[in-house]
Amino acid sequence: MAEEVVLTEKESLFSLDGKVVVVTGGSRGLGREMCLSFAEHGAHVVVASRKGEACEALAVEITERTGRRAVGLALHVARWEQCEPFVDRVIDEFGAIDVLVNNAGSSPLYPSLREVNEKLFDSVVGLNMKGPFRLAVLVGDHMVETGRGGSIVNVSSVAAVQPSKNEVPYGMAKAGLNNLTLALARAYGPTVRVNCIMAGPFLTDVAAAWDMEEFNKSAVQRIPLARGGEPREVVGTALYLASDASSFTTGAIIKVDGGIAWSPG
């Protein structure tokens, strides 16, 4: 009788053992949950966001909780002059980048469309689309040149396909990020896989500004699962796209939204 083989967690399809993972917007919200989970599955993690101290604090927590190596680095993704030195520093410190998660994003409120000024518009597009483009290209080229391959995961939003009047520039930028995912999957295949998580309403720290009573009433009517998502609920999809579990998946835009949006394709 053949001996039953039991795979350990690190031997599973979702293992990231020894991989170097970079997460932008990594110090809080969905980014924080992904950073912790990637480390729990064996990855060395680079936590990046505009607030360097918050990134460093999470990096210390990650190492204490998981034993994996983690560093926190300040990065304003929209400022291209910061992107190349950031990528170079990560490669110098870790030797390579195996996974990039373009999670940084923001959707600032505005009184009316007429009052959306050029500074706000450029800031939203810069953080949600222009910056991810530059970082993905720098990392994608590195992955191809080293021959190691890798995975790039963009984090989009249902606003890309169903924008409200309160998120017009943001929805435009996230629609561009969806497009970028498809384009880079073709540009970097077969060596690098590029996919996208199209996120719905998650109850991160951003939700502190919501009228939760109104949101919950609306959720019952508009969201098939009748609620907002908990940040940990993005982890399964993120692990799938970052790991070899998705080895034949590229150019995919996966909705993680409780069912609120129609399919993007």
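Author: Two strands are said to pair if DSSP finds at least two bridges between them, and strands (E, at least two residues) and helices (H or I, at least four) are DSSP runs numbered from the N terminus. This is a predicted model in which local features need pLDDT of at least 70 and side-chain atom pairs count only at pLDDT 80 or more, whereas totals for chains, interfaces and linings use all residues. Residues are numbered from 1 along each chain as its sequence is written, and side-chain values use heavy atoms, with hydrogens and water left out.

Reader: Which residue of β7 stands opposite Ala199?

Author: Strand β6 (residues 192–199) runs parallel to strand β7 (residues 253–256), and 4 bridges join them. Within this pairing, the residue opposite Ala199 is Val256.

Reader: How many residues of β5 are buried?

Author: Buried here means under 20% relative accessible area, with exposed over 50% and partly exposed in between (1.4 Å probe, protein chains only). Strand β5 (residues 150–157) is largely enclosed by the rest of the structure, because the number of its 8 residues that are buried is 7.

Reader: Through which helix does the chain cross from β5 to β6?

Author: Strands β5 and β6 run parallel and are joined by 8 bridges, with Gly150 opposite Val192. The β-α-β crossover between them is right-handed, a term for a path from the first strand over the helix to the second that runs clockwise with the strands pointing away from the viewer. The connecting helix, residues 168–188, is α5.
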